[in-house]
Amino acid sequence: MANDLILVKNYHKNYSQQGIMDLNGNWILQLLDNVTIYGFQEDMSRISKNRKYGFINKEGKFVLPIEYSWAWNYSNGLARVETGNKWGAVNKEGEWVIPAIYQNIRSYEGDLIAAKKDNKWGFINHKNEVVLPFKWDDAQSSFCIISEPG
């Protein structure tokens, strides 16, 4: 269905508006002032306003309100989200699957997620269980490359 949706925009002198319609002209998400609506990925779209981020689903319902410092698009059912200078991940219902306790979380593939805690990188899974301890200077799950300290 996401491919059957269109992004509409209005530009005014002091503000802009964006919204989402279906191909029959029905509103999925009414025009909102001064927002940026990003494309859908995994039936979810990131949306931002005043340097804050949230998510809407393909029905135009807010899954995560526009109040977070940063957010990345969904991948493998989770979106990385920053709040209060800490990173975690939410599912498509907006539930925190990985609590926002990490200094950073990198993009992930499969079950391994590279996460940084206490200035060291390790790997966690989608249940927030430690798979490899936090002892590395750097780590990337998409390449499965880890570098030994020192």
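Predicted model: local features only at pLDDT ≥ 70, side-chain atom pairs only at ≥ 80, totals over all residues.
Stop 1: Select strands β8, β9, β10 and β11. They form an open sheet in the order β8-β9-β10-β11, with antiparallel pairing. Now look at the edges: β8 (70-71) and β11 (96-102) stand there with a single partner strand each, so one side of each is left without a neighbour in the sheet.

Next, zoom in on β9 (residues 79-83) and β10 (residues 86-90). Five bridges join these antiparallel strands. To find your place, select Val81 and look across to Gly88 in β10, which stands opposite.

**Stop 2: the aromatic rings.** The model has five aromatic pairs. Begin with Tyr68 and Trp96, an edge-to-face pair with centres 5.9 Å apart and 65° between the planes. This pair links distant parts of the chain, since Tyr68 is in strand β7 (residues 62-68) and Trp96 is in strand β11, 28 residues apart. Trp96, at 34%, counts as partly exposed.

Move on to Trp70 and Trp72, another edge-to-face pair: 5.7 Å centre to centre, with 75° between the planes. Trp70 is partly exposed, with a relative accessible area of 27%, and Trp72 is partly exposed too, at 38%.

**Stop 3: charges over rings.** Select Arg46 and Tyr38: Arg46 lies over the face of Tyr38, 4.2 Å from the ring centre. Finish with Arg106, which lies over the face of Trp121 at 4.2 Å from the ring centre.

Key. Residues numbered from 1 in each chain as written. Heavy atoms only, no water. Pairing = 2+ DSSP bridges. Helix = DSSP H or I, 4+ residues; strand = E, 2+ residues; numbered from the N terminus. Phe/Tyr/Trp six-rings, centres within 6.5 Å; stacked < 30°, edge-to-face > 60°. Buried < 20%, exposed > 50% of the residue type's maximum accessible area, 1.4 Å probe, protein only. Lys NZ or Arg CZ within 6 Å of the ring centre and 35° of its normal.
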